[in-house]
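Good morning, and thank you for the time.

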Amino acid sequence: MSSETTSDSAMSMFEVHPSSHPRTLAERTAALEHLAFGTVFSDHMAHAVWTPDAGWHDQRVEAYAPISLDPAAAVLHYAQEIFEGLKAYRHADGSVWAFRPEANAARFAASAHRLALPELPAAQFLGSIEALVATDLEWVPGSAGSSLYLRPFMFASEPFLGVRPSKQVDYLLIASPSGPYFTSGFQPVSIWVAEDYHRAGPGGTGAAKCGGNYAASLLPQQQAIENGCAQVCFLDAATNTYLEELGGMNVFIVTDDGEVHTPALTGTILEGVTRRSILQLLADDGRRVNERQISLAEITEQIASGRITEVFACGTAAVVTPVGALKSTGFDLTVGDGVAGAVTQWLYQHLTDLQYGRVEDPYGWMRRLA
Ligand SMILES: *Cc1c(COP(=O)(O)O)cnc(C)c1O
């Protein structure tokens with residue numbers, strides 16, 4: 001199994017100040033028993049502060065606790081905030097691994113740049129993950145399909161109402177044990193295509209992972225739910241013609257010739273680590289993959305004709321989610337026979353086999369944390 005060595009120097013940047021009130025074994029066992037997503041948090045968090053003069057400093061792992069913010073903190077007014085999402089997986093031998101965390105570190109830096117936030121060096125991003133996971137190792141669940149979800153984020157904490165980049169920034173990393181996304185097998189979801197709303201425009205923040213993009217997606221997401229769909233899919237803001245992505249997942253289609261297609265990165269789509277990995281796995285499997293503009297008209301016509309055999313969405317949380325139906329005001333289409341297709345299932349299996357260490361990792365994608 002390939003891996004990079006744990007960077008001790010990066011890790012030691014985050015000094016561990018153990019919690020004075022960690023949960024008992026019984027409390028932790030109970031908390032790990034019925035895992036949902038994002039409701040339970042481990043005993044510690046990693047924290048660092050940035051100011052223009054001192055740069056990044058005060059790196060530490062400390063007790064998970066509410067934070068105190070001045071009501072004038074810039075993030076509360078102008079949403080200068082970014083985040084990441086990745087998982088720590090426990091392998092059968094007890095070791096704990098992250099999937100391509102260097103890609104998350106690079107994306108975090110790119111998001112920081114777009115939001116005029118200071119970049120956190122990759123060594124510190126990875127160091128915070130190593131230090132927190134080492135401290136809260138017992139919070140990495142071992143049951144099938146479960147993992148420790150890691151949420152790094154950074155926000156403007158300076159108390160100042162003027163509009164300019166904050167001169168004080170906080171970086172935090174919290175960890176949430178989570179269960180398998182699909183509790184009863186692979187369940188296809190219905191997707192609602194947003195008609196009146198977009199998540200990102202040309203030159204905007206669509207390619208950055210920032211909370212503001214999610215805020216903009218909540219109303220159309222609510223409309224998707226009102227229309228019996230689990231997720232919303234956005235079209236491009238400039239022409240309202242081309243498929244972009246869901247609120248927090250990238251989207252793929254499979255055609256009856258076995259080729260796979262996904263919207264090209266035009267600056268308004270968030271480039272998922274899962275998306276990138278899927279493109280590689282498919283290409284290495286000898287499949288033709290097309291990153292191109294895909295119009296809604298093409299999709300609806302070809303789902304109806306049977307030319308499109310599978311649609312799926314992908315992201316760290318759910319890995320790969322089959323899309324069984326595509327709906328909007330003017331159409332209600334079942335994809336294929338409405339169940340997960342062969343390519344979707346193969347990708348789910350292959351990716352999770354890599355992440356849980358059930359197969360060799362020829363790419364060096366897994367990084368050992370503990
Ligand atoms: C995080 C995210 C994704 C998926 O990215 P992964 O790295 O695969 O988890 C896709 N779209 C948006 C808008 C996202 O925020």
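Let me begin with the lining of the largest cavity, whose residues comprise five nonpolar, six polar and one charged. In that count, Ala, Val, Leu, Ile, Met, Phe, Trp, Tyr, Cys and Pro are nonpolar, Asp, Glu, Lys and Arg are charged, and the others, Gly among them, are polar.

Two remarks on the source. The model is predicted: local features need pLDDT of at least 70, and side-chain atom pairs count only at pLDDT 80 or more, while totals for chains, interfaces and linings use all residues. Residues are numbered from 1 along each chain as its sequence is written, and side-chain values use heavy atoms, with hydrogens and water left out.

On a 1 Å grid over the protein atoms alone, a cavity is a set of points where a 1.4 Å probe fits but cannot get out; a pocket is an open set with protein on both sides within 12 Å along at least five of seven lines; and lining residues have an atom within 4 Å of a point. Strand E5 (86–90) gives the largest share, three residues; strands are DSSP runs of at least two residues (E), and helices of at least four (H or I).

Where does the largest cavity lie? Domain 1 (8–183 + 359–368) and domain 2 (189–339) both contribute to its lining, so it lies between them. The domain bounds come from an automatic or database assignment.

I turn to the largest pocket, which holds about 650 Å³ of space. Of its 31 lining residues, Tyr214, Gly247, Gly248, Met249 and Ala317 lie nearest the centre. Helix H6 (211–226) gives the most, with five residues. The lining as a whole divides into 14 nonpolar, twelve polar and five charged residues.

Finally, the ligand. Around it are 15 residues, of which Lys209, Tyr214, Glu245, Thr274 and Thr316 come nearest; a residue counts if one of its heavy atoms lies within 4 Å. Among the polar contacts (pairs of N or O atoms within 3.5 Å), a polar side-chain atom of Thr274 is 2.6 Å from a ligand oxygen. For the side chain of Arg107, an N or O atom lies 2.8 Å from an oxygen atom of the ligand. The protein covers 97% of the 380 Å² of accessible area that the ligand has on its own, by the Shrake-Rupley method with a 1.4 Å probe.

Methods
Grid points are joined across faces, edges and corners, and a volume is the space filled by probe spheres set on the points. A polar contact is a pair of N or O atoms within 3.5 Å; within protein, one must be able to donate a hydrogen and the other to accept it, and residues adjacent in sequence count only if both atoms are side-chain atoms.
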